[in-house]
Amino acid sequence: MHDSLTAPVQAAAASPLPTYDKVTLGRGQSGATWQLVVRGRHTLIAGCSGAGKGSVLWGLCCGLSPAVRRDLVRLWGVDLKRGVELQMGAGLFSAAAYNPRDALAVLKSLLQVIDERGTKMAGHSRLHQPRPGDPLHVLVIDELAALTAYSDITIRRDAERLLSEILTQGRALGVVVVACVQDPRKDVVPMRGLFTQTVALRLRSIEETVMVLGEGAAAIAPAHRISPRAPGTAWIVDDTGAVDRVRADYWPDEVIAAVATTNRANVLVELPANDNLDDFAGDGEWDVVSPRRPRTPRKPREMSLVAPIGGDDE
């Protein structure tokens, strides 16, 4: 017998072809390519410190980057660890929050997208089809517990409510969530059951494996037995019950930065100033501006979309 996932593989670059349905993250234990479904799924990436969550996160963000450049996908980021993780690829994000109040602004903005699309799609379509100017919105949260468990109680309460609404209503309307977490306990991630697929990297105990993958998972997908010397290795259980062991490719900082420079988001969303957030009543979209125009603080108003700046292939 041979373990095909022993040797790490370094990611070289993102595929030039735009995709939003699924992205290639690495390989499975059979040697086949590991592709993660994005559209129509909410994804929870669980693993202890050093398990390789960044490999999965950046594999997804960089895999979507050609679609980001064409405005088929808009990435929204929340990184309450001072932005240390997400700022490495900041150019890929249309909006990013590095403090709890900005995180609430991001969640409220995405809930507005859901409200507006729900009104337009009712009776016409049951699954949003991305197109330039009307993209798939992907919310990437680097450490979910920092928002749902470790923030101020008022922020925590509002974040839990808003995120739960997005998780229950957003999939069909083209708003999906990808969240990383170290501690998967229910009191830390109360909306854990609303995620529709889970990537279980190295976990600390049998109990955590059961929390993340469900009853009986410890025997068939022992994430707690993944070696610390194999970061990026994970067990996945898909919606059919099929189990596979996979390993995500490693994304070095310089490759992430290069991809973010090549495939910059051409539409930026301007979040409201913190002192205006309490006055926001949820009756208008955030301002969307071109990255090549100077930004001036303003209150939220109805969304004014700017056509993406054309690239050499548009």
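Predicted model: local features only at pLDDT ≥ 70, side-chain atom pairs only at ≥ 80, totals over all residues.
**Entry 1: strand S1 and its partners**

I began with strand S1, residues 22-28. Five of its seven residues are buried, so I noted S1 as mostly covered under the 20% cut-off. I then looked up what S1 pairs with. Strand S2, residues 33-37, runs antiparallel to S1, and five bridges join the two. For threonine 24 I found glutamine 35 as the bridge partner in S2. The hairpin of S1 and S2 has four residues between the strands, and there I read a positive phi near 95° for glycine 31.

S1 also pairs with strand S10, residues 243-248. This pairing is antiparallel too, with three bridges. Here I noted glycine 26, whose bridge partner in S10 is alanine 248.

**Entry 2: salt bridges**

I searched the whole structure for salt bridges and got eleven. I looked at several of them in turn.

Arginine 74 and aspartate 71 meet through their side chains at 2.8 Å, N to O. I checked the cover on both partners. Arginine 74 has 2% relative accessibility and so counts as buried. Aspartate 71 is likewise buried, at 2%.

Aspartate 158 and arginine 157 form another salt bridge, at 3.8 Å, N to O. Aspartate 158 is partly exposed, because its relative accessibility is 21%.

In the salt bridge of glutamate 208 with arginine 204, the closest N and O atoms are 2.9 Å apart. Glutamate 208 counts as buried at 8% relative accessibility. I also recorded a network in which salt bridges with shared partners join Arg117, Arg131 and Asp134.

**Entry 3: arginine 202**

What is the nearest side chain of opposite charge to arginine 202? I found glutamate 208, 9.1 Å away. Arginine 202 is buried and has no salt bridge.

I placed arginine 202 in the loop between strand S8 (197-200) and helix H6 (206-213). A polar atom of the arginine 202 side chain lies 3.5 Å from the backbone oxygen of serine 49. Leaving out residues up to four places away in sequence, I listed what arginine 202 touches; the list includes Gly47, Cys48, Ser49, Gly50 and Ala51, and also Ile226, Pro228 and Thr233.

**Entry 4: nonpolar cores**

The largest nonpolar core has 49 residues.

I followed up leucine 144. Apart from neighbours within four places in sequence, leucine 144 contacts Leu44, Leu163, Ala179, Cys180, Val181, Val189, Met191 and Phe195. Another core, of 43 residues, lies apart from the largest one; among its members I noted Cys62, Val138, Val178 and Ala248.

Most residues other than glycine have a negative phi. I looked up two exceptions.

Aspartate 71 has a positive phi near 60°. Its place is the loop between helix H2 (65-69) and strand S4 (73-78). Aspartate 71 is the residue I had already noted as buried, at 2%.

Arginine 82 has a positive phi of about 65°. I found arginine 82 in the loop between S4 and strand S5 (93-97). Is arginine 82 buried or exposed? Arginine 82 counts as exposed because its relative accessibility is 68%.

Key
Residues numbered from 1 in each chain as written. Heavy atoms only, no water. Buried < 20%, exposed > 50% of the residue type's maximum accessible area, 1.4 Å probe, protein only. Pairing = 2+ DSSP bridges. Salt bridge = Lys/Arg side-chain N within 4 Å of Asp/Glu carboxyl O. Lys, Arg positive; Asp, Glu negative; His and termini not counted. Polar contact = N/O pair within 3.5 Å; in protein donor to acceptor, adjacent residues only side chain to side chain. Contact = heavy atoms within 4.5 Å. Core = buried A, V, L, I, M, F, W, Y, C linked by side-chain atoms within 4.5 Å.
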